[in-house]
Amino acid sequence: MKQSELNNKASSYVDSYEVIKSLSSTFEPKGIFHSELLMAYTLIKELGVEKVIESGRARGQSTEIIARICQQDGLEFHSIEYDDKSPDVAVAEKRLAPYKDVCTLHYGDGFELMPKLLDGKDTLIIIDGPKGVWAQKLGLLMLKKENVKAVLFHDTHRDAYDSRPRLERYFGRHLLVSDDYEYVDAFSYLDDVCWQETNKFFDGYAPYKRYNTIMRSYAGTLSCVINNNIDETMLDNYINDINRSILVKESLLFRLANKINLISMIKNLHWKLT
Ligand SMILES: C[S@@+](CC[C@H](N)C(=O)[O-])C[C@H]1O[C@@H](n2cnc3c(N)ncnc32)[C@H](O)[C@@H]1O
């Protein structure tokens, strides 16, 4: 599927998405925005999957919307959250109580639980925790599984330096993104409530802006890879590349540099010079 095709298809689902949105609880901060979830909705419909697995639930914003989609279409849905001690747990559990029959809430690490939840059913995966290189590693491992039809990565905006450049380099034109300018023009109107509620927690968020920083993307951004004729060698090279990055990021030296803010100073300099 090309980006232009996704944009057109999303137009045909936006009315039914708006019904789901209007019936849902108020937007929860940290949540995936409505225009982004419209992209997930479109892909769930177009790929005809039978199951959805989400990693990273927090306060259950994306979870409720996906649960409603799955309920409507009779799909199986599993949501995984790592942090069972967070205050978000109570918020999510209350919000998701009406969807017990459609959505199973799991506690644990996506790396461990996700492979166990796969079976013969065609599945779409959404990763919103872990993040960055760890999200890519999880997603790439899932793309090696036959029944995984697509993987969606959240927080892959154009300034996500450890995610977006690699996704673009390896998947090129096959990457579908919710920060595509035409897509944003068409569907950002869905997000008014998301900006309002997000700003109650994180002041200074707006389209193409976070705090005082200009962003090259409209918002957090979902990027999608459809699992169709992906070159195995390319996938293995990408996994090796990510493993090397993880090794660096988990090294003592890198963590120390991060602590004293050296990494973000280098990043800022890099963006200023390029
Ligand atoms: C941005 S929040 C998710 C928001 C949620 N998708 C929504 O739209 O409301 C990210 C969540 O991912 C969780 N997380 C981080 N690493 C994880 C992992 N390895 N497995 C499962 N969850 C993880 C965090 O604890 C956090 O609650």
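This is a predicted model: local features need pLDDT of at least 70, side-chain atom pairs count only at pLDDT 80 or more; totals for chains, interfaces and linings use all residues.
**View 1. Q196, an exposed residue of helix α9.** You can find Q196 in helix α9, which covers residues 192-201. Look for P29 as well: Q196 and P29 are 167 residues apart along the chain, yet 9.3 Å separates their C-alpha atoms.

**View 2. The shell around the ligand.** Here we meet the 23 residues that surround the ligand, the closest being G56, Q61, S62, G110 and G129. Three elements each contribute at least two residues to this shell: α3 (61-73), β2 (76-81) and α5 (110-117). By residue type, the shell holds 9 charged, 8 polar and 6 nonpolar residues.

**View 3. The largest nonpolar core.** This core has 63 residues, and those touching the most other members are A40, V52, I125, V151, L152 and C224. Helix α2 (residues 34-47) provides the largest share of the core, with 7 residues. To explore the surroundings of A40, set aside its neighbours within four places in sequence; A40 is then in contact with I66, I126, L152 and L222.

**View 4. Strands β2 and β3, side by side in parallel.** Strands of a sheet pair through backbone hydrogen bonds, in either a parallel or an antiparallel sense. In this view, β2 and β3 (residues 103-107) form a parallel pair with 5 bridges. From β2, the chain passes through helix α4 (residues 88-96) on its way to β3, making a right-handed β-α-β crossover.

**View 5. A sheet of 3 strands with antiparallel pairing.** Strand β8 (residues 209-210) meets β9 through 2 bridges in the antiparallel sense. Zoom in on R210 and you will find its bridge partner, T213, in β9.

**View 6. Helix α11, largely in the open.** How many of the 8 residues of helix α11 are buried? The number is 0, so this helix (residues 252-259) lies largely in the open. After α11 comes N261, where phi is positive, near 75 degrees.

Terms used:
Residues are numbered from 1 along each chain as its sequence is written. A residue is near a molecule or strand if its C-beta atom, placed from the backbone, lies within 6 Å of it. Helices (H or I, at least four residues) and strands (E, at least two) are DSSP runs, numbered from the N terminus. Ala, Val, Leu, Ile, Met, Phe, Trp, Tyr, Cys and Pro count as nonpolar, Asp, Glu, Lys and Arg as charged, and the others, Gly among them, as polar. A nonpolar core is a set of buried Ala, Val, Leu, Ile, Met, Phe, Trp, Tyr and Cys residues joined through C-beta atoms within 7 Å. A residue is buried if 20 or more other C-beta atoms lie within 10 Å of its own, exposed if 12 or fewer, and partly exposed in between; C-beta atoms are placed from the backbone. Two residues are in contact if their C-beta atoms, placed from the backbone, lie within 7 Å. Two strands pair if DSSP finds at least two bridges between them. A crossover is right-handed if, with the strands pointing away from the viewer, the path from the first strand over the helix to the second runs clockwise.
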